[in-house]
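The following note sets out a number of points for a colleague who is new to reading protein models. Please keep the sequence and the structure in view while going through them.

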Amino acid sequence: MRKSKIASVGAIGLAAIVALSACSSGGTTSAGGGGVKTIPDVKGSGKTLKVWVMTGDYTDATIAAINKEFTKKTGAKVDVQIQQWDGITTKVSTALATSTPPDVLDLGSTQVASYAANGALLDLTPYKKDLAQGQTWLSGLSDPATVDKKLYGLPGFAGARAVIYNKTMWAKAGITAAPSTYDELTADLDKVAAANKSTSDFSPFYLPGQYWYAGMQFVWDAGGSIATSKNGKWTAGFGSAKAQQGLTDFKTFQNKYSSAASQTLDTDSPDQDQIFADGKTSAILHTNGAIGLIEKANPKIKDSDLGSFPLPGKSGKTQPVMLGGSDWGIAAKSKNSDLALAWSKIAASPSIQSKWVYKNDGWIPNSTEGIKAADSTLSDLNKGFFNAALNSKATPASGNWANLEGDKSINQIFGSIASGSKTPEAAAKSFDSAANKQLNSK
C-alpha cells in the first residue's frame, strides 16, 4: 500500500477552524437530525461539485468512473482537485472554515474525528444505512469516523498490515506452510532462529520496540484498548488487566524474536524493509507496499520467495489490525450537500469498490463483503493483507487524538516496555495520565 494513509497522521493543527457551525450544511440537506433518511434524487444540471482527492490515493481512472456515474445520475459536473500531502492539514482546516469549501474531501481515516469535533464535517448518521448499501464496513475505517455515535466519514478504502515472510528461508528451516495459530508461529520462528544462528545480527521476526501499530495488535488481541468513551468522557485503558496482559505479551514476543538493538527503535531507522532485504530477518509486519521496496532493495528476492499471513493471536483469532485508509468527508458548509451525498454514495458503492478501488487501484475495499468477493482473485502473496483487514480496530475517535499521537508518547510507551526501562504497569500509568488529560481537553 502507498504510505499516504498508512503512515501516522501526526499532530493535526486545527486552529484555523474557527466559528464553525454544525447546525447547517448550507445545502439542501441539513446536518444531523434524527431518524433514518434516504439520499434524495437531485437534479444538478448547471452545477459543479468540488472534490478534493489526495495524490496517490485513487487513480484518475477510478475517479473518472465515479464522476461518469454521478453525472449520468444527476446531470452535475465534477471539479476534481488533486491535493499534495505537504501542509495538507492546514490547507483542509482553512478550506473548511470558508463559506465556499470543497464539497467532498478525501481524508485519512484518523483525521476525521479532528475535523468533526470542530463542526467542520456534515453529520452523515441519518444516511448511514443508505450509504452502506447493504455492506458491512470495516470497523477500522468506520469507527474512527464515528464521533459520539455520529458518523462523519464514509469509508473509501483500506490498507492493512500483515506478516511478510521469506518463504525460501522458512523452507530451508523445514517450514512449508504459513502458521495459523500463535503456537505454530512461535514454533516456526524457533526453527528459523536455529537454522540461521550462524548469521550475525539475525532476527527471526524483526519487530522494533517503538512500532506501536504492532504493539497495539497484542493489546487488542488480549482484549485491551487505548481508551474508551462513555457519556462524552474518555478513559485511558493501558492500566487495565487485559491491556497489561497484551503489553506483557508484546514484550515477551519482541524480546525473544527481534534483536536487542531493536528494542528502543522504530521501523524507519534502520529501515525494516532493508533489514529484510539484507537477509537479517525472515519476517516483518508491514503493508503490502513493502513488497516492492524489498524487491527493489534486493533484486534477487522475487514474489515467489515471499509470503504473507495475518499475525495469529494468543486469543485463537488473528490479531486485530489498525487500518490505514481513506474516508470521504462532506463539508458542513457545502452548498451542494445533496450532490455531495450522491457522489459519496457512488464512491462507496459495491460496484465501484470491486471494479475500481480493488481491481484497478489495488486497495482493500471498504467492507467485509468486498474483501470476501475479492478473495478468489487475489494472489497468494496478497491474501494475508486482505484477510488481516477482516479483524480491525481504530484509535480513539477523539478530536484530540492526533495531538496525542503526534507527540509520539504512544511510540515511547512500547519502546520503554520492550527495552525494560519501564514495567508495563509504570509505562501504562504515565501514558494513561497524559491520555486522560489530552483526550478530555476542551
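How many helices and strands does the secondary structure of the protein come to?

1. **Overall make-up.** The model discussed here is a predicted one. Its secondary structure comes to 18 helices and 14 strands. The radius of gyration is 22 Å, close to the 22 Å that the globule rule gives for 442 residues, so the protein is as compact as a globular protein of that length. Taken along the principal axes, the C-alpha atoms fill a box of roughly 70 × 45 × 35 Å.

2. Of the 442 residues, 55% count as buried. Among contacts between residues at least 6 apart in sequence, 81% join residues at least 24 apart. The points below take up individual elements and residues.

3. **A sheet of 3 strands.** The strands β10, β7 and β11 form an open sheet in the order β10-β7-β11, and their pairing is antiparallel. The edge strands are β10 (283–286) and β11 (306–309), each of which pairs on one side only. Direction ignored, neighbouring strands of this sheet are turned by 30 degrees against each other on average.

4. Strand β7 (residues 162–166) is joined to β10 by 4 bridges, and the two run antiparallel. Helix α11 (residues 289–297) lies across β7, β10 and β11. The helix runs at about 25 degrees to β7.

5. **A buried residue in a helix.** Is Ala389 buried or exposed? Ala389 has a relative accessible area of 0%, which is under the 20% limit, and therefore it counts as buried. The residue is placed in helix α15 (residues 380–389). Leaving aside residues up to four places away in sequence, Ala389 touches Leu138, Ala160, Val321, Leu323, Ile364 and Ile371. Ala389 and Ser99, by comparison, are 290 residues apart in sequence and 38 Å apart in space, C-alpha to C-alpha.

6. Ser203 lies in the loop between α7 (182–195) and α8 (212–221). Ser203 is buried, with a relative accessible area of 1%. Residues up to four places away in sequence not counted, it touches Tyr257, Ser258, Ser259, Lys280, Thr281 and Ser282. Asp201 is also found in the loop between α7 and α8, but Asp201 counts as exposed, at 66% relative accessibility.

7. **Backbone details.** Asp201 has a positive phi, near 60 degrees, in a residue other than glycine. Lys149 likewise is not a glycine and has a positive phi of about 70 degrees. Lys149 is placed in the loop between β4 (146–147) and β5 (150–151), and with a relative accessible area of 77% it is exposed. A further detail concerns the peptide bond from Ser269 to Pro270, which is cis, with omega near 0 degrees. Pro270 is found in the loop between α9 (241–257) and α10 (272–277).

8. **Aromatic rings.** How many aromatic pairs does the structure hold? There are 19 aromatic pairs. One of them is formed by Trp328 and Trp343 and is edge-to-face, with 4.9 Å from centre to centre and 85 degrees between the planes. This pair links distant parts of the chain, with Trp328 in strand β13 (residues 324–330) and Trp343 in helix α12 (residues 337–347), 15 residues apart. Both Trp328 and Trp343 are buried. Elsewhere, one aromatic cluster includes Tyr182, Phe205, Phe218, Phe238 and Phe250. Tyr257, a further member of that cluster, is among the residues that Ser203 touches.

9. **Charges over rings.** Which residue has its charged end over the ring of Tyr213? The charged end is that of Arg161, 4.0 Å from the centre of the ring. Lys91 lies over the face of Trp52, at 5.4 Å from the ring centre.

Methods:
Residues are numbered from 1 along each chain as its sequence is written. This is a predicted model: local features need pLDDT of at least 70, side-chain atom pairs count only at pLDDT 80 or more; totals for chains, interfaces and linings use all residues. Side-chain values use heavy atoms; hydrogens and water are left out. Buried means under 20% relative accessible area, exposed over 50%, partly exposed in between (1.4 Å probe, protein chains only). Contact means heavy atoms within 4.5 Å. Rings of Phe, Tyr and Trp (its six-membered ring) pair if their centres lie within 6.5 Å; planes under 30 degrees apart count as stacked, over 60 as edge-to-face and the rest as tilted. A charge sits over a ring if NZ of Lys or CZ of Arg is within 6 Å of the ring centre and within 35 degrees of the ring normal. Two strands pair if DSSP finds at least two bridges between them. Axes are lines fitted to C-alpha atoms, for helices over the stretch in contact, and angles run from 0 to 180 degrees between N-to-C directions. The radius of gyration is taken over C-alpha atoms; the globule rule is 2.2 Å times the number of residues to the power 0.38.
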